[in-house]
Amino acid sequence: MEKPFRRRDLLGIRDLSAAEITGILNTAENFREINQREIKKVPTLRGKTVINLFFENSTRTRTSFELAAKRLSADAVNISVSSSSVTKGETLVDTALNLDAMQPDCIVVRHGSAGVPHQLAKVSRAAIVNAGDGANEHPTQALLDAMTIREHKGTIEGLEVAILGDILHSRVARSNIHLLTKLGARVRVAGPKTLVPRDFEHLVEKDLTVCPHVEDAIRGADVVMILRIQRERQDSAYFPTLREYSIHYGLTNERLDLARKDAIVLHPGPMNRGIEIASEVADSSRSLILDQVKYGVAVRMAVLYLATGGG
Amino acid sequence: MKLLIKNGHLIDPAQNQNSGMDVLIEGGRVAAWIGRGEQPPADAEVFDASGLVVAPGFIDLHVHLREPGQEHKETIASGCAAAVAGGFTSVCPMPNTNPINDNAAITRYMIEQAERAGLANVFPVGAITKESNGAQLAEMGEMKAAGAVAVSDDGRPVPNAGMMRRAMEYAKDFDLPVVDHCEDKSLSSGGVMHEGRVSLLLGLKGMPALAEDLDAVRDIYLARETGAHIHVAHISTKGSIEIVRRAKAEGIHATCEVAPHHFTLTDAAVEGYDTNTKMAPPLRSEEHVAAILEAIKDGTIDAIATDHAPHHADEKALEYDRAPFGITGLETAVGLAFSELVHKGLIDLVRLVELFSTNPARVFHLRERGTLKVGSHADLTLLDPTLDWVYRNAESRSKSKNSPYDGRSFHGAAVATIVGGKIVYRRGG
Ligand SMILES: [Zn+2]
């Protein structure tokens, strides 16, 4: 099998080609089956070390990466760094060099600041996998979303995808937009104007539209992707109240009726039920939120496998 | 002691001079111009400037020397060493030291430290408000008496228009230019780079050009109202350039400076998240850079100033959004101007000297500087327009090495710097 990505690090979707993305997804398909076995473990990465370096809390993503590493027999180490200890003076580069000295094969990094994985990749000998950096990218989330969509729609090409909510701060939205448009989907985004950056349609070359209202984005969509509202955004006056947000921008059954009959609903979790998504929608058969979590492990197995020299 | 600068091409725009002429220096002053064929004094030490341009000393209106308070980044001595190595004979340090230069004692201290170093002249810029807090006027008169040449709350622009109006009225009493860092922080706060397509792509929070434009409009109107001299620091947007251009046409006393990074780099340089591309104002997009180049050409921009802002390597080795703003610039400014402006045919050598010397002296009223008229201070910058060289951070005289131009090659350089008649820097010597 030809190696789907030639690069060592996975820093974002933006610099991947469509062929590379498809290659990773296909690799993930091959790993999916392992997760269904009685004994969910293969020796593929035996002897390899993966460090999960999390500067931001995220039990979900961290657990997903940890399981992925363990199911491939790699040694996984979790390091949580609270931002307070970082402010004590150790620089990012110090942290990277220290970890590097322990000779890991791969460092999975999650950080609240955009670009940290890129900065680490420049000084680290280990492969760097971006597990979310600020408002920049969250490539494995986009890959697992793509896997979920492929599973249910057969293909991504030609689909109409609506992405709704806080576009401004969302790395999930960015990675998804890069991935979906590269694979031939058309993406429409909508949300409060305060949370949609000016000229956002210039993020990618083609197939991205900013809609004036959420209804316009949802109408005729094959996939409706809901973004999580960070409750603390309220303090920054991006919108007046959660109540008003839920009324004007939340995904309700009525709004979802504007989409195609067979439309599916995705959410990166954790959900604010009743705010960005109504419980009836979240719990309906159209919602594939748990599938997303399931495919997350397979996607991360594929990424770790490729980053540590597999393929 | 007499020093004769011989065989050079003398350019002094203030005197309409642009041809071969020798310069005799005595007692720290320019003693005479000697034409080819005239007899030079036999007892003078000779500096052979064959193939070089001899210009009045370059003056940097905008530097940060970090002393007092942050000597781990730079000292007045190390900053002056970098200045003369870059061809600058005089530098004007901004007041954001610790404590802030908002009183005569600190102003005097800075000048004394410079005299002790014996390299470049230091003409401090005092604060507009006490501790640059935007609330109470600083003692501008006292600072001027101690040697301050302008006032600024650079980096912490006065947010309150009423306060700024009073500051301008007061500064005008002392004939002090008000140096304005134009940034409406209510629009730019939290931003770490120019707001535009690249900030979108990189997921970094943007600082809109509008933040500079709005503040420039406010302060130009205040200058018109008060009759004060407003000098827009490190101008970086198409909009604020247009505002200054119109103000000048209207007869408002407005001048402006541009930093070399703003005419040589775009926000595309931030790609890769190198924190040495983080500065305020930020690197702008192509349309802004094009507007700056046009303004350099048409004379709207008065001066090139480096905004030399040293930061320790550890401070720059942080996440992009946590790293401090600013880059060093004293040693690359002349090379950048030669490579990107002169050799690309945008400006000629006379305009280059105007931007680095004649105009800065005029803007800050530095008398008998910015010219080599007989009787002036013997501050000279000698240029080799064709020298090929490479800048290396490791070789910088500055205590800090935070330049994005590490490893860049240049065509054209300052090769010798003379301050008060004394050779304080010779390239390779
Ligand atoms: Zn400034």
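## The zinc site in chain B

B:His181 is buried, with a relative accessible area of 6%; buried here means under 20% relative accessible area, exposed means over 50%, and partly exposed covers what lies in between (1.4 Å probe, protein chains only). B:Asp154 also counts as buried, at 7% relative accessibility. Both turn up at the zinc ion, which is coordinated by B:Asp154 (OD), B:His181 (ND1) and B:His234 (NE2) at 1.9 to 2.2 Å. A donor is an N, O or S atom within 2.8 Å of the metal (3.2 Å for Na, K and Ca), and water is not among the atoms, so sites may look incomplete.

Along the chain, the zinc donors follow the spacing D-x26-H-x52-H. B:Asp154 and B:His181 link distant parts of the chain, 27 residues apart. B:Asp154 sits in the loop between strand S12 (150-152) and helix H4 (161-173) of chain B, while B:His181 is in the loop between strand S13 (178-180) and helix H5 (185-188) of chain B. Helices (H or I, at least four residues) and strands (E, at least two) are DSSP runs, numbered from the N terminus.

## Ground rules

This is a predicted model, where local features need pLDDT of at least 70 and side-chain atom pairs count only at pLDDT 80 or more, while totals for chains, interfaces and linings use all residues. Residues are numbered from 1 along each chain as its sequence is written, chains are lettered from A and ligands numbered from 1 in the order in which they are written, and side-chain values use heavy atoms, with hydrogens and water left out.

## Two helices side by side in chain B

Helix H8 (residues 238-250) of chain B packs with helix H10 (residues 286-298) of chain B at an angle of about 25°, and their axes are 8 Å apart. That makes H8(B) roughly parallel to H10(B). For these numbers, axes are lines fitted to C-alpha atoms, for helices over the stretch in contact, and angles run from 0 to 180 degrees between N-to-C directions. Angles under 35 degrees count as roughly parallel, over 145 as roughly antiparallel, 65 to 115 as roughly perpendicular and the rest as oblique.

On the H8(B) side, the contact involves B:Lys238, B:Ile241 and B:Arg245. They meet B:Glu287, B:His288, B:Ala291, B:Ile292, B:Glu294, B:Ala295 and B:Asp298 in H10(B), where contact means heavy atoms within 4.5 Å. The residues of this contact divide into four nonpolar, one polar and five charged. In that scheme, Ala, Val, Leu, Ile, Met, Phe, Trp, Tyr, Cys and Pro count as nonpolar, Asp, Glu, Lys and Arg as charged, and the others, Gly among them, as polar.

B:Tyr109 is in helix H2 (residues 104-117) of chain B and is partly exposed, with a relative accessible area of 31%. Not counting residues up to four places away in sequence, B:Tyr109 touches B:Glu67 and B:Pro68. B:Tyr109 and B:Glu67 are 42 residues apart in sequence and 9.5 Å apart in space, C-alpha to C-alpha. The peptide bond from B:Glu67 to B:Pro68 is worth a look too: it is cis, with omega near 5°. B:Pro68 belongs to the loop between strand S8 (58-63) and helix H1 (76-85) of chain B.

B:Ala146 lies in helix H3 (residues 140-146) of chain B and is buried, with a relative accessible area of 14%. Leaving aside neighbours within four places in sequence, B:Ala146 is in contact with B:Ala104, B:Thr107, B:Arg108 and B:Ile111.

## A buried threonine

B:Thr332 is placed in the loop between helix H11 (313-316) and helix H12 (333-342) of chain B. At 3% relative accessibility, B:Thr332 counts as buried. Its contacts, not counting residues up to four places away in sequence, are B:Tyr391, B:Tyr405 and B:Phe410.

## Over in chain A

In helix H9 (residues 242-249) of chain A, A:Leu242, A:Tyr245 and A:Ser246 are buried. Seen down the axis of H9(A), these residues fall within an arc of 95°, so they line one face of the helix; the arc is that of the directions from the helix axis to the C-beta atoms. The buried residues of H9(A) pack against helix H10 (253-256) of chain A.

Now some backbone details. A cis peptide bond joins A:Gly269 and A:Pro270, with omega about -15°. A:Asp199 has a positive phi, near 60°, in a residue other than glycine, and A:Asp207 has a positive phi of about 65° although it is not a glycine. A:Asp199 is partly exposed, with a relative accessible area of 38%, and A:Asp207 counts as partly exposed at 27%.
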